[in-house]
There are 2 protein chains.
Amino acid sequence: MTLTARYIETAESSDLTFSVCSLVRSQEKYDRLLSSFERLGFTPSNSEFLAADNRHVNRFDGYSWHKTLLAEARGRFVIFSHDDVELIDQGYAELLACANWLDANDPLWLVAGVAGGVWHMESRRRRPALSLRISDKFGENRSAGSVPCRVESLDECFMMMRRTRPVISSYGPDLCLQAELLGGRAYTIDFHLRHNGEAVTGNSFRAIRRRFAIKYGPFFPGRRLNTVNGVIELGGARRSPGN
Amino acid sequence: MTLTARYIETAESSDLTFSVCSLVRSQEKYDRLLSSFERLGFTPSNSEFLAADNRHVNRFDGYSWHKTLLAEARGRFVIFSHDDVELIDQGYAELLACANWLDANDPLWLVAGVAGGVWHMESRRRRPALSLRISDKFGENRSAGSVPCRVESLDECFMMMRRTRPVISSYGPDLCLQAELLGGRAYTIDFHLRHNGEAVTGNSFRAIRRRFAIKYGPFFPGRRLNTVNGVIELGGARRSPGN
């Protein structure tokens, strides 16, 4: 018989700790990302860097690149990072500590990020309850709520999951609800980085959010979702004031 | 800079067509599986065979092996097959034709199998509406309904998905509902094989089904699910007669 099987004995058999995946449009920004990761302990022997190549042509859209890179990733943990992210003072050791903390404290964790909306806040407050620590266009080393924290939405700029427990979606709130439907949980982690993004929330963003609210209405009737871009009412046409 | 990224240009970059994954308890049965696949066109250059190794020790349970092997798979399509399956007269070419038919006819397909319960039957019939073609302990080359067909549950003995569109779960009906929650669909395909399984439906099976019905009740209130092992009422304690 010429067919031979590969017998797999352990649930986790990866040599690499992290697969850092990015949708890359700008070589200049991405080189800054890579430099900052190299400066803070990421090496070719502990991590791989996968880039969905949109440098010259738009080969991937915001919804397809997660799936493609996840299917290529070999690390124990898969990171999805915008190409305009830079590490500042925390690196490989701190990120691994965050991942190990999640593994140790909640086996049901499926996704984690650096900014998100607090899970199931009781009060019907007008402003979303957030958990975050980040440097971005809104400020240096700003924070809200406590971190780590269980959340129901995540900012897409930097997210992490286990390769053997994938959750598929590239929209942060969608990813958290998919994790919930899989019986798992989402968290913020205390991993300080800089996001140089513009946080654009134009017409296409509002259209995506509207489709999202309609999609999940039947599954989570009456649920209000805390997100870093305002409260989303699932199912209904209503939106929170100011959003 | 020592860190270099791998730039990925296409959504689908696999050299292998199929990753055939099995939870292997019996070497003897699995060797028959491999022989039948080899006889019908599967080669090391078009397919890989991954075995979650339970031959000597129970390293994997029925819920963990899908996740582990999916994370290792490199083929364009991932097959999850019981180790007691044997091909009869259809092989590589026919299975690829089924996969290509799904790709061409419904881009939203996420999982496919050889036996399942018809999707959203209107009538409140007592017996589930099935779609299947299979040889097993109940008969040779038996069939029900039309195949291919959109389904809401699948028999776990043989299932297929795209590596870049994974759905996580190892219980056939659960897999179909997860596909639905992801915005996708499940199908039966006309791929005739022999399943030598015993189709045991004892206490542990009933416990799994009860947990499953309770889990999904809030997401699909009032839904009745056609499965090859009877109708499941999601959410409620009621069960169909005879089940």
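Let's start with the buried residues of helix α5 in chain A: A:F205, A:R209, A:F212, A:A213 and A:Y216. Buried here means under 20% relative accessible area, exposed means over 50%, and partly exposed is in between, with a 1.4 Å probe and protein chains only.

The model is predicted, so local features need pLDDT of at least 70 and side-chain atom pairs count only at pLDDT 80 or more, while totals for chains, interfaces and linings use all residues. Residues are numbered from 1 along each chain as its sequence is written, chains are lettered from A and ligands numbered from 1 in the order in which they are written, and side-chain values use heavy atoms, with hydrogens and water left out.

Back to our helix. Helices (H or I, at least four residues) and strands (E, at least two) are DSSP runs, numbered from the N terminus. What do the buried residues of α5(A) pack against? In chain A, they pack against α4 (172-181), β14 (224-227) and β15 (230-233), and in chain B against α4 (172-181). Contact, by the way, means heavy atoms within 4.5 Å.

Let's look at the partner helix in chain A. The axes of α4(A) and α5(A) come within 11 Å and cross at roughly 15 degrees. Axes are lines fitted to C-alpha atoms, for helices over the stretch in contact, and angles run from 0 to 180 degrees between N-to-C directions. So α4(A) and α5(A) are roughly parallel to each other; angles under 35 degrees count as roughly parallel, over 145 as roughly antiparallel, 65 to 115 as roughly perpendicular and the rest as oblique. On the α4(A) side, A:P173, A:D174, A:L177, A:Q178 and A:L181 make the contact, and on the α5(A) side, A:F212, A:K215 and A:Y216 do.

Now for helix α2 of chain A, residues 65-72. Is α2(A) mostly covered or mostly exposed? Mostly covered: eight of its eight residues are buried, among them A:W65, A:H66 and A:K67. The buried residues of α2(A) pack against β2 (18-24), β3 (47-53), β4 (77-81) and β11 (158-162) of chain A, and also against β1 (5-8) of chain B.

Next, some backbone details. Most residues other than glycine have a negative phi, and most peptide bonds are trans. In chain A, a cis peptide bond joins A:V147 and A:P148, with omega about 0 degrees, and A:P148 lies in the loop between β9 (139-144) and β10 (149-154). In chain B, the bond from B:V147 to B:P148 is cis, with omega near 0 degrees. A:N141, in strand β9 of chain A, has a positive phi near 45 degrees. At 41% relative accessibility, A:N141 counts as partly exposed.

Last stop: A:L40, in the loop between α1 (27-39) and β3 of chain A. A:L40 and A:A93 are 53 residues apart in sequence, yet 8.4 Å apart in space, C-alpha to C-alpha.
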